[in-house]
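Here is a short report on one protein chain.

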Amino acid sequence: MKKVLVTGCCGFIGSHLCDELVKEFHVIGVDNLSMGSLKNIEHLKKNFEFHEVDILGKEFRTIFQSYKFEAVFHLAANSDISKGDPERDFKDTLSSTLVVLENCRMKGIKDFIFTSSGAIYGESKKILKEDDGPLFPISHYGAAKLSSEAFISAYSSMYDIQAWICRLPNVIGPRMTHGCIYDFKNRLKINPKLLTVKGDGTQTKPYMYVKDTVDAILFIWRNAPDMLNYYNLAGIGQTSVKEIAEIVAGDADIVYQGGDRGWKGDIPTYNCQTSKLGLLGWVPRRTSTAAVKLTMKKL
Ligand SMILES: NC(=O)c1ccc[n+]([C@@H]2O[C@H](COP(=O)([O-])OP(=O)(O)OC[C@H]3O[C@@H](n4cnc5c(N)ncnc54)[C@H](O)[C@@H]3O)[C@@H](O)[C@H]2O)c1
């Protein structure tokens with residue numbers, strides 16, 4: 001059976017990706033458990049091996065010495081974006097990408113799949129297309145993702161590594177650990193009668209269900225033919241924070257704290273064009289708001 005590596009396998013999206021990959025591959029998952037949880041992979045028995053390893057530590061290289069991977073899915077990153085910790089973003093989001101790429105180069109691995117983010121585009125009112133530029137991210141996280149894309153481009157060109165960059169929107173679903181739906185649910189557990197919302201509720205973004213995201217990532221890997229492939233991902237349409245608050249709050253009162261964003265570095269409005277992915281043949285099956293409602297049922 002062919003082997004693939006998934007970094008960040010104990011995280012939200014990584015664990016769902018492993019759920020799909022084990023149907024076809026022997027999956028080696030690595031995670032340092034800084035953000036992820038063993039609970040997310042405890043159901044994975046067949047075709048799955050877990051190694052608790054930090055990508056930036058010495059043992060990571062031994063993983064590459066022990067196996068020959070068909071493909072490497074690099075998802076590990078610092079997803080705790082709102083804290084704005086530049087050193088952690090530099091290490092876990094950017095340096096980790098460089099370390100994984102370097103190991104791919106040394107072992108002659110030719111398939112590299114990367115989860116980038118809409119945060120690379122910075123703040124814009126435009127409908128963002130893959131070839132828009134110049135790009136000026138407004139968060140350390142966005143800067144680390146954009147720099148990662150630059151290293152992936154360089155490694156692809158210098159060492160013939162085929163790369164698939166997936167620029168994800170807000171991904172939601174079971175096992176999520178951050179984001180407004182998760183925050184709102186937790187706040188309501190403390191006070192079921194009142195939901196306090198950061199910002200004025202007008203922040204509007206596409207929300208994508210995690211299973212659809214994994215489906216799109218695998219579709220892009222299997223079908224996009226270029227040496228350097230880069231795609232925006234999203235479902236259909238967008239959802240405002242106000243709409244989410246109303247779905248989550250039920251009978252509770254909602255109070256908006258004001259301001260145009262949840263935290264400094266947050267992009268209040270994100271709208272990306274996904275026709276490139278549509279032309280490749282991937283058809284979204286859910287609206288953003290349907291993804292929010294489904295997530296609410298499953299959380
Ligand atoms: N969730 C989203 O809405 C979203 C949106 C855009 C992009 N992304 C990207 O998708 C990927 C997965 O996101 P997620 O939401 O599942 O995040 P997550 O935090 O749940 O998963 C990331 C995993 O990486 C691990 N990790 C971090 N640094 C590591 C290191 N140095 N060595 C080993 N493991 C390390 C963490 O422990 C965690 O389990 C990330 O690259 C993220 O930037 C996510």
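Contact here means heavy atoms within 4.5 Å. The model is predicted. Ile81 touches Tyr141 and Trp263, leaving out residues up to four places away in sequence. Ile81 sits in the loop between strand E4 (69–74) and H3. Its relative accessible area is 22%, so Ile81 is partly exposed. The C-alpha atoms of Ile81 and Pro206 are separated by 18 Å, and these two residues are 125 residues apart along the chain.

**Helix packing**

Take helix H3 (residues 86–107) and helix H4 (residues 140–159). They pack at an angle of about 15°, and their axes are 9 Å apart. That angle makes H3 roughly parallel to H4, because angles under 35 degrees count as roughly parallel. The crossing of H3 and H4 is right-handed. On the H3 side, the contact is made by Pro86, Asp89, Thr93, Leu94, Thr97, Leu98, Leu101, Glu102 and Arg105. On the H4 side, the residues include His140, Tyr141, Ala144, Lys145, Phe151 and Tyr159. By class, the residues of the contact of H3 with H4 are 10 nonpolar, five polar and four charged.

Now turn to helix H1 (residues 12–21) and helix H6 (residues 210–223). Their axes come within 9 Å and cross at roughly 60°. That makes H1 oblique to H6. This crossing of H1 and H6 is right-handed. H1 brings Phe12, Ile13, His16, Leu17, Asp19, Glu20 and Leu21 to the contact, and H6 brings Val210, Lys211, Val214 and Leu218. The contact of H1 with H6 has seven nonpolar, one polar and three charged residues.

**Charged pairs**

Side chains of opposite charge can pair when their charged atoms come close. How many salt bridges does the count come to? The count comes to 17 salt bridges.

| Asp92 | Arg88 | 3.6 Å |

Asp92 and Arg88 both lie in helix H3. They are four residues apart, about one turn of the helix. Asp92 is buried, with a relative accessible area of 16%. Arg88 is partly exposed, at 25% relative accessible area. Apart from neighbours within four places in sequence, Asp92 is in contact with Leu56, Ala76, Ala77 and Asn78.

Lys205 lies in strand E9 (residues 204–205), and Asp266 lies in the loop between strand E13 (253–256) and helix H8 (275–280), so the pair ties together parts that are 61 residues apart in sequence.

Asp212 counts as buried, at 4% relative accessibility. Arg285 counts as exposed, at 52% relative accessibility. Salt bridges that share partners join Asp212, Asp215, Arg285 and Arg286 into one network.

**A buried strand residue**

Val30 has a relative accessible area of 1%, so it is buried. Which residues does Val30 touch, not counting residues up to four places away in sequence? They are Leu5, Val6, Thr7, Gly8, Cys9, Phe50, His51, Phe60 and Ile63. One of these is Phe60. Val30 and Phe60 are 30 residues apart along the chain, and their C-alpha atoms are separated by 8.6 Å.

Technical notes
Residues are numbered from 1 along each chain as its sequence is written. This is a predicted model: local features need pLDDT of at least 70, side-chain atom pairs count only at pLDDT 80 or more; totals for chains, interfaces and linings use all residues. Side-chain values use heavy atoms; hydrogens and water are left out. Axes are lines fitted to C-alpha atoms, for helices over the stretch in contact, and angles run from 0 to 180 degrees between N-to-C directions. Helices (H or I, at least four residues) and strands (E, at least two) are DSSP runs, numbered from the N terminus. Angles under 35 degrees count as roughly parallel, over 145 as roughly antiparallel, 65 to 115 as roughly perpendicular and the rest as oblique. A crossing is left-handed if the near helix is turned anticlockwise from the far one by less than a right angle, and right-handed if clockwise. Ala, Val, Leu, Ile, Met, Phe, Trp, Tyr, Cys and Pro count as nonpolar, Asp, Glu, Lys and Arg as charged, and the others, Gly among them, as polar. A salt bridge is a side-chain nitrogen of Lys or Arg within 4 Å of a carboxyl oxygen of Asp or Glu. Buried means under 20% relative accessible area, exposed over 50%, partly exposed in between (1.4 Å probe, protein chains only).
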